[in-house]
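Visitor: I would like to learn how to read a model like this one, feature by feature. Could you take me through it slowly?

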Amino acid sequence: MTKNSDIVIVGGGLNGPALALALALAGFTVTVIDALPVKIRKNAGFDGRGYALALASKRLLNAIGIWPRVAQNAQPMYEIKVSDGHAGLGVSPFFMHFDHSDGVDSSPHDPMGFMLEDRYLRGAFLAAMKEHPAITQISGQTVVAQTLDPQGISVTLASGKVLRANLLIGSDGRASGTATRAGIRRTGWNYGQTALVCAIDHAMPHNGIAHQFFMPAGPLAILPLPGNRSSIVWSETTANAAAIHALSDADYLAVLRPRFGDFLGEISLAGQRFTYPLDLTLANAFVGERLALIGDAAHGMHPIAGQGLNADLRDVAALAHVLTHARQRGEDIAAQLTLDRYQQWRRFDTQSLAMITDLSNKLFSNGNPLLRLGRDLGMRAINAMPPLRRGLMREAAGLRGDLPDLMRE
Ligand SMILES: Cc1cc2nc3c(=O)[nH]c(=O)nc-3n(C[C@H](O)[C@H](O)[C@H](O)COP(=O)(O)OP(=O)(O)OC[C@H]3O[C@@H](n4cnc5c(N)ncnc54)[C@H](O)[C@@H]3O)c2cc1C
């Protein structure tokens, strides 16, 4: 049976398209399959999430031609303020303040990162893939099986159609069927928390400042969007979140207001409200025979540090780097040695990040007065040490460590 393309990617969410574009630009032919029709994925109200994109992620998006398509809708983030908040009691005097003028990148004028709404990112990926002759998109088709043979790997769609390639990529999210079918098990747990997500209009400008308040039930992030609008990621215990989500818009706002505070003036809802159950899920291996996992299929973590998609895009850049260099050296892109290079690059990093987000959530989503005192003193100490603050900023910007080609400038 002939091969349809060099690489088949299952999952056309965010990371599948990013990898498809990176690989197509490097000269590979790629097929991207997603169970959802393009019409649904294009729908502006599809998700409602906003992403805090680190500078390294912006570099990747620029290199694969996405950034010019979304830049006008991206909101620069100039400052991040992190504090221990208590619903109704306002902000504690202990906080961390990260400012772009501390110099996260080469220029103090560069922002710390950007906020971008899901709908713009998704739309740009779909349009860019459509224009690239090396990418074939199959939408509205579920992959139900995968079969290895000595020279390739095939996937079977629910329609019965079979597609064959050298390498299969699982970019099919937290419940990755690609991983399950390859016998890759997962480790993780549920946080008993659910994120309430929405966009808010407010009377006063945010000046590009992001806020994170730590409440006993979970963190509340207020992230700047273009105009007088912010994206809210509000974590609550799952039972509380279900009750709050069931409220009318007016009652929802009445619960949010004391947590939000009045520093941005009067607030109102700007669109739909969403909920996301929060869990930690790590694939026990990121590669298998003729197969690699990226994005949420490899690791899903708590959004407390806003690093989920940034870690995913680092997988994309690292895998594109490994495969491109392997081909330039005349190696087999699906050889275990090649795939192991990707796994070694990414697995330890993502496990460490997942543990950090997990510990941060346990430490901060807690009303214990002793723990609160400890973390408040810790925040004050970090805030008083500019070199440590700058180190944390460079870490969050994704500019430390071994950078893949597509994340270098
Ligand atoms: C509340 C919340 C807030 C977040 N905020 C941030 C943030 O500020 N910054 C940040 O960096 N990250 C953030 N994240 C993380 C980010 O949303 C995820 O990392 C990202 O969406 C993962 O994308 P993905 O492409 O890997 O997976 P998904 O978006 O889950 O895409 C998987 C795709 O695979 C398809 N699929 C699945 N199975 C099959 C099959 N059998 N056949 C065909 N197709 C299939 C699905 O239809 C889907 O389109 C947040 C997450 C949450 C929950």
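Visitor: Which residue takes a positive phi just after helix 1?

Guide: Please keep in mind that this is a predicted model. The residue is Gly 27, which takes a positive phi of about 100° just after helix 1.

Visitor: How many residues of helix 1 are buried?

Guide: A residue is called buried when its relative accessible area is under 20%. By that reading helix 1 is mostly covered, since 10 of its 11 residues are buried, among them Asn 15, Gly 16, Pro 17 and Ala 18. The cover over these buried residues includes strand 1 (7-10), strand 2, helix 5, strand 8 (135-139), strand 12 (167-170) and helix 9.

Visitor: What does Ala 18 touch?

Guide: Ala 18 lies in helix 1, which spans residues 15-25, and is buried, with a relative accessible area of 0%. Not counting residues up to four places away in sequence, Ala 18 touches Ile 64, Phe 125, Leu 313 and Val 316. Sequence separation and spatial separation should be read side by side, as with Ala 18 and Glu 131, which are 113 residues apart in sequence and 14 Å apart in space, C-alpha to C-alpha.

Visitor: With which residue does Glu 131 form a salt bridge?

Guide: The general idea is that side chains of opposite charge can pair when their charged atoms come close. Here Glu 131 forms a salt bridge with Arg 69, and the closest N and O atoms are 2.7 Å apart. This pair links distant parts of the chain, with Glu 131 in helix 5 (residues 118-131) and Arg 69 in helix 4 (residues 67-70), 62 residues apart. Glu 131 counts as exposed because its relative accessibility is 56%, whereas Arg 69, at 31%, counts as partly exposed.

Visitor: How many salt bridges does a search of the whole structure find?

Guide: The search finds 16 salt bridges. One of the pairs is Asp 249 with Arg 273, whose closest N and O atoms are 2.9 Å apart. That pair also links distant parts of the chain, for Asp 249 belongs to helix 8 (residues 249-260) and Arg 273 to the loop between strand 17 (267-269) and strand 18 (274-283), 24 residues apart. Asp 249 counts as partly exposed at 44% relative accessibility, while Arg 273, at 16%, counts as buried. In another salt bridge the side chains of Arg 408 and Asp 405 meet at 3.2 Å, N to O; Arg 408 is partly exposed with a relative accessible area of 44%, and Asp 405 is partly exposed with 36%.

Visitor: Which residues are linked in a network of salt bridges?

Guide: The network consists of Glu 117, Arg 119 and Arg 229.

Visitor: Turning to the ligand, which residues come nearest?

Guide: Of the 31 residues around the ligand, Asn 15, Asp 34, Arg 49, Leu 309 and Asp 312 come nearest. The residues of the shell divide into 13 nonpolar, 13 polar and five charged. Helix 9 (308-328) is among the elements that each supply at least two residues of that shell, and helix 9 gives the most, with four residues.

Visitor: How far is a polar side-chain atom of Arg 49 from an oxygen atom of the ligand?

Guide: The distance is 2.3 Å. A polar backbone atom of Leu 14 is 3.0 Å from an oxygen atom of the ligand, and a backbone N or O atom of Val 143 lies 3.0 Å from a nitrogen atom of the ligand. Taken alone the ligand exposes 1,000 Å², and the protein buries 87% of that.

Definitions and conventions. Residues are numbered from 1 along each chain as its sequence is written. This is a predicted model: local features need pLDDT of at least 70, side-chain atom pairs count only at pLDDT 80 or more; totals for chains, interfaces and linings use all residues. Side-chain values use heavy atoms; hydrogens and water are left out. A salt bridge is a side-chain nitrogen of Lys or Arg within 4 Å of a carboxyl oxygen of Asp or Glu. Buried means under 20% relative accessible area, exposed over 50%, partly exposed in between (1.4 Å probe, protein chains only). A residue is near a molecule or strand if one of its heavy atoms lies within 4 Å of it. A polar contact is a pair of N or O atoms within 3.5 Å; within protein, one must be able to donate a hydrogen and the other to accept it, and residues adjacent in sequence count only if both atoms are side-chain atoms. Accessible areas come from the Shrake-Rupley method with a 1.4 Å probe; for residues, only the protein chains shown count as cover. Ala, Val, Leu, Ile, Met, Phe, Trp, Tyr, Cys and Pro count as nonpolar, Asp, Glu, Lys and Arg as charged, and the others, Gly among them, as polar. Contact means heavy atoms within 4.5 Å.
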